[in-house]
Amino acid sequence: MSDGPDYDVVLVGAGAVGSLMAYKLAHADTKLRVLILEAGPPYDSIENRVDAYYAAASKTPDAPWPDAPQARRPSVLDVANKQDWQDEKYYLRQKGPLPFSSTYERYSGGTANHWLGTALRLLPEDFELASRYKVDGARDWPLKYDDLEKYYTEAEREIGVSGSDQQWTNYYGEGLKFPMPEIPQSYLDQQYVKKVEGKEINGQTVKVLSTPQARNSQWYQGRPPCVGNTSCVPICPVRAKYDPSHHLKSALGQIQMPTNSIKVPGPGEYPSPAPNPAEISYKSVAYRIDVDAKSGLISGIAYKTWDGQENRVTARRYVLCAHAVENAKLLLLSPWTTPEGKQATVANSSGQVGLNLMDHTILLLWGLTKEPVYPFRGPLSTSGISNYRFGAARKERAAYIIEIGNEGWNWPTGAPLTTVHQLTTTAGSGEWFGVKLREATHQHCIRQVRLAAEFESLPSKKSCVVLSKTDVDGLGIPRPEIHYELSEYTQRGFDDALITLQGILDALGTTEVQSTVDPNSPGVFTTKKGNTFQFRGAGHIMGTHRMGKDPGDSVVDADCRSHDHPNLFLVGGGSFPSSGTANPTLTILALALRASEQIVTELKSEVKP
Amino acid sequence: MITWNNIKRFFRGIDIAMMRSEVDNTITLDQPQTVWTSGDGIYARVSNQNPSQVMPPPPYAPWTPEMIQQFGQWRDTDTVVLVDPALQMQAQSFVALSELLTGFSDLNQDPVLALRYLSRLHARSDLATGVDELIQTHAALPREQFIHDVLEGPDTNPKRVAQAIILLWYTGAFFNEAGFPSDFGGAKGQYTDGLVWQAIEAHPMGYSAEGGRYWQRQPGPGGRDTGLGNTAQRPGQPATGSNELA
């Protein structure tokens with residue numbers, strides 16, 4: 001034993017992927033020694049996080065989650081202002097031309113602490129954008145929908161997805177069975193169903209679909225059903241929304257939620273404590289991956305603890321699951337000489353590491369309905385429109401999914417708090433206070449609606465993560481530098497979606513429809529058609545270590561295994577060769593399950609019990 | 001004096017919602033009478049040392065000994081003590097002004113909250129003097145004259161102060177120059193106390209006490225299906241003492 005590696009598997013990052021993979025590895029029928037290196041601290045308590053959200057001046061996705069000099073993370077506020085978004089005070093060094101507007105967390109549980117919970121699969125055609133629609137620059141996946149289907153099903157069961165089998169069978173195929181029935185559509189959604197469904201809008205007969213979501217519609221795995229706190233991003237106070245702590249605690253052999261004697265936990269067994277618990281090292285920031293020159297295998301990972309101490313750990317398999325930006329950063333920090341004698345960085349003989357950074361950029365439109373729709377109630381989103389996600393139109397423009405918001409103008413304007421401010425500071429004599437103000441606030445807010453179109457991106461070497469040559473974090477580790485632009489393909493999607501969203505809001509009976517461009521925002525562009533848009537980030541970071549069949553222009557294979565180093569896996573949104581329009585988490589988890597299975601199979605033959 | 005105004009803050013939105021909709025729908029933790037009547041049972045649960053018995057259940061933190069002691073003290077009184085009359089007196093003139101400004105007529109029911117707001121206003125150098133002046137002139141002048149001469153008079157400073165008071169009651173926050181909330185009063189602040197949520201027939205984002213799948217229905221009378229829980233009033237319809245302008 002003393003000559004062998006320290007562990008069988010080392011995972012870098014205790015987010016959605018790291019937690020689920022640790023859980024699977026710790027439950028394998030072979031005893032595996034598993035270590036997770038987590039850059040951030042342990043999850044302290046849900047009360048503290050909820051209180052941090054209540055106290056935060058801006059209720060942004062990062063509001064409840066702590067930042068630290070040793071494990072910094074971006075905030076959406078960093079790119080709010082065109083005067084300073086490229087300033088060195090912000091963790092990501094943004095070089096433009098446009099701001100990369102999505103963020104991530106470096107805290108136990110990772111970015112899936114603040115995810116919305118929307119759990120969509122990619123559509124079968126999303127895996128074949130290049131071959132099916134001949135889109136310039138697009139990439140096919142090295143696997144098909146059918147290859148992932150069973151992992152999608154397993155991922156949905158693991159995290160607990162509520163959805164309508166009947167509505168989604170057309171998209172996903174026969175035999176679909178979500179673990180829980182759908183979350184009820186909001187009263188607001190129902191107005192869309194009544195007034196918009198079946199209408200011909202921009203070439204499509206619109207269908208309003210209940211969204212599959214990792215949010216309990218009933219007790220599941222010891223977690224309660226959703227009670228509609230309307231704060232899914234950034235935090236679910238009842239933990240009806242899945243977050244990675246459930247699998248992490250199980251992987252570590254800790255019981256997350258003991259069965260309370262007054263309530264039967266309900267269907268879906270809670271993840272049991274792992275028979276072979278994994279270990280975790282918090283506040284441990286990986287900064288270099290070492291390669292054995294002779295074998296080409298990864299020989300160790302160096303990390304610093306928050307007090308600056310340097311450590312190194314060895315394993316049979318290494319999994320980087322620190323999300324797309326940090327995975328790329330860590331690889332680029334790790335020098336490697338290829339067998340051909342080329343000076344490169346780890347896993348990067350293709351030169352593709354860090355390139356092809358993608359997001360689902362977002363267009364928001366909002367307005368006031370004639371009849372009240374009573375927003376600010378229920379999960380943030382319970383329905384969407386998928387008509388514009390597929391079909392021959394993708395030859396010309398980016399596909400997009402439409403999300404119906406249940407939170408009024410909160411996203412674009414900060415309503416309802418800012419609505420009161422607006423009304424009290426602008427209303428006329430006798431109107432800006434008292435009962436008149438109260439009534440005006442009521443009348444305005446109960447009619448607020450908001451739609452989001454979320455667009456697919458194309459991979460491009462011009463949108464990328466590189467290492468900053470000038471700036472380091474609190475541990476002296478170089479910070480990520482981001483270059484970002486939007487393809488004309490995506491921009492044409494915006495032009496098309498503007499027509500669609502306006503059509504939908506018209507059909508709903510909406511006045512004062514707007515997509516007002518904030519004059520302070522750096523996230524503004526004008527399309528060839530002459531439309532000027534402000535875009536937002538979806539928080540869907542993809543594409544920095546893409547998968548492919550050809551080691552010459554991709555970083556990992558269909559199992560998320562490095563082409564260059566057979567004992568290295570890069571798992572997460574970074575492995576996506578194209579983005580599709582589905583929120584990526586479910587696909588990320590499906591890839592994690594697939595990689596786990598592969599690793600367990602291999603190690604079974606290597607590890608002696 | 002321990003009153004309902006102190007006790008009610010021990011129950012988080014999640015406690016109230018989960019209790020009402022998932023555990024025992026006879027226990028409505030936002031109803032003082034129910035909580036007082038069920039006081040022995042609640043005391044037994046919140047003070048229980050057994051993780052499988054204690055409320056709220058893990059992973060939520062148990063009550064602190066001080067909370068348990070205060071709850072016990074409140075439960076042991078002969079009747080339900082809602083409000084401390086001494087605090088009510090202390091907050092009276094500020095509350096009277098606030099009711100005119102906000103359009104809500106029941107602000108005297110929570111002097112603990114009113115005095116927190118007053119203290120936060122006093123801590124602001126740009127508002128402290130103006131707030132006291134506004135309270136005094138409001139108390140001294142007939143209502144119509146106060147509105148005409150002071151709130152909408154030639155000096156714009158009273159209006160600025162009045163707007164800060166309105167925003168504080170509606171949102172729990174002070175706002176910055178750009179029109180965004182800048183200060184909710186820290187970790188034990190008043191975000192969830194904002195009146196705006198009642199005004200719009202909804203609940204504070206991140207704090208829903210109603211339970212159940214309320215959002216599929218249109219909000220109803222008495223705050224039903226707003227997500228707020230039973231204490232909500234019918235928005236837009238102040239119960240008494242309307243401040244409607246002539």
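Leaving aside neighbours within four places in sequence, A:Ala22 is in contact (C-beta atoms, placed from the backbone, within 7 Å) with A:Leu11, A:Val34, A:Ile36, A:Leu248, A:Ala251 and A:Ala278. The structure is a predicted model, in which local features need pLDDT of at least 70 and side-chain atom pairs count only at pLDDT 80 or more, while totals for chains, interfaces and linings use all residues. Residues are numbered from 1 along each chain as its sequence is written, and chains are lettered from A and ligands numbered from 1 in the order in which they are written.

Of its 227 residues, A:Val12, A:Ala22, A:Leu25 and A:Ala278 touch the most other members. Helix H13 (residues 585–606) of chain A contributes the largest share of this core, 10 residues; helices (H or I, at least four residues) and strands (E, at least two) are DSSP runs, numbered from the N terminus.

In chain A, 3 strands form an open antiparallel sheet in the order S8-S9-S10, where pairing requires at least two DSSP bridges between two strands. Strand S8 (284–291) and strand S10 (310–313) of chain A are the edge strands. Strand S9 (residues 298–305) of chain A is joined to S10(A) by 4 bridges, and A:Lys304 has A:Glu310 as its bridge partner in S10(A).

Between the chains, 68 residues of chain B are in contact with 58 residues of chain A. H2(B) supplies the largest share of the side of chain B that touches chain A, 7 residues.

Methods. Contact = placed C-beta atoms within 7 Å. Core = buried A, V, L, I, M, F, W, Y, C linked by C-beta atoms within 7 Å. Buried ≥ 20, exposed ≤ 12 C-beta atoms within 10 Å, placed from the backbone.
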